[in-house]
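These exercises concern one protein chain. Each task is followed by a solution in steps.

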Amino acid sequence: MSGTYKTTPYADRHRGPMAFDTKIAVLLRDDLETWQELNATAFLVSGVTAAYPQLVGEAYGDADGTPYLAMLGQPVMVFQGDAAMLRTAHERAVRRGETIGVFTSDLFRTGNDEDNRAAVAAVRRDDLDLVGIAVHAPRNAVDKILKGAVLHP
C-alpha cells in the first residue's frame, strides 16, 4: 500500500494503524437524493481504486474458507458542500496538479461507461455540473483542496 502507517493511541486500542500519509476523500453536492449520493460515491471510489491499485488490500475470507473481495486498505472520507464548494475544490485540485475523479449530473442519465465519458468530454471544465469529486493525495493537499467542506452526516 502506498502511504506509511503511523501508530496512534486510537490504532493501539483498535489493533491497527489508523493514520496514513495520504487521504482518500469524496466531496458530494449537498442537494442530492440518497440514491444519487450512494451512486456517485461508488463510482468515484472505483476511479480511485482503478488509478491507485496499490491501495487495495488482500482478499478477505471467513472462518469457513469462503472467499470475499479485497477492499481499499484505508478509509474513504465523505464530505459535502454546495455547488460553489465543489467548483472551488475542483479548481484547487486542478491548480495543484492533482488527478481527481468527477461525477456530473449528466451521469445520472447515462447507462454505460462510454456514454459517461462522452457526457463529460462534451462539457468544458468550468461548465461541468459537478455533483461529486474524488481525490487521493497527501493528507495536507486533500485538506487544502476540501477546505470549507464538512463531513457528510
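**Exercise 1.** Is histidine 136 buried or exposed?

Solution. The model is predicted: local features need pLDDT of at least 70, side-chain atom pairs count only at pLDDT 80 or more, and totals for chains, interfaces and linings use all residues. Residues are numbered from 1 along each chain as its sequence is written, and side-chain values use heavy atoms, with hydrogens and water left out.

Step 1: take the classes. Buried means under 20% relative accessible area, exposed over 50%, and partly exposed in between (1.4 Å probe, protein chains only).
Step 2: apply them. Histidine 136 has a relative accessible area of 6%, so this residue is buried.
Step 3: Histidine 136 belongs to strand E6 (residues 130–138); strands (E, at least two residues) and helices (H or I, at least four) are DSSP runs, numbered from the N terminus.
Step 4: find its partner. The side chain of histidine 136 makes a polar contact of 3.1 Å with that of threonine 22. Such a contact is a pair of N or O atoms within 3.5 Å; within protein, one must be able to donate a hydrogen and the other to accept it, and residues adjacent in sequence count only if both atoms are side-chain atoms.

**Exercise 2.** Describe the strand pairing of E4.

Solution. Step 1: state the criterion. Two strands pair if DSSP finds at least two bridges between them.
Step 1: take the parallel partner. Strand E1 (residues 22–29) and strand E4 (residues 76–81) run parallel and are joined by six bridges. In this pairing, arginine 29 is opposite glycine 81.
Step 2: take the antiparallel partner. E4 and strand E7 (residues 150–151) share two bridges, with phenylalanine 79 opposite leucine 151.

**Exercise 3.** How many salt bridges does the structure hold, and where do some of them lie?

Solution. Step 1: count. A salt bridge is a side-chain nitrogen of Lys or Arg within 4 Å of a carboxyl oxygen of Asp or Glu; the structure holds six.
Step 1: In the salt bridge of aspartate 143 with lysine 23, the closest N and O atoms are 2.5 Å apart. Aspartate 143 is in helix H5 (residues 139–145) and lysine 23 in strand E1, 120 residues apart. Aspartate 143 is partly exposed at 40% relative accessible area, whereas lysine 23 is buried at 11%.
Step 2: Arginine 117 and aspartate 113 form a salt bridge (2.2 Å, N to O); both are in helix H4 (residues 113–121), four residues apart, about one turn of the helix.
Step 3: look for shared partners. Arginine 29 is bridged to aspartate 31 at 2.7 Å between the closest N and O atoms, and arginine 29 is buried, at 13%. Salt bridges with shared partners join Arg29, Asp31 and Asp129 into one network.
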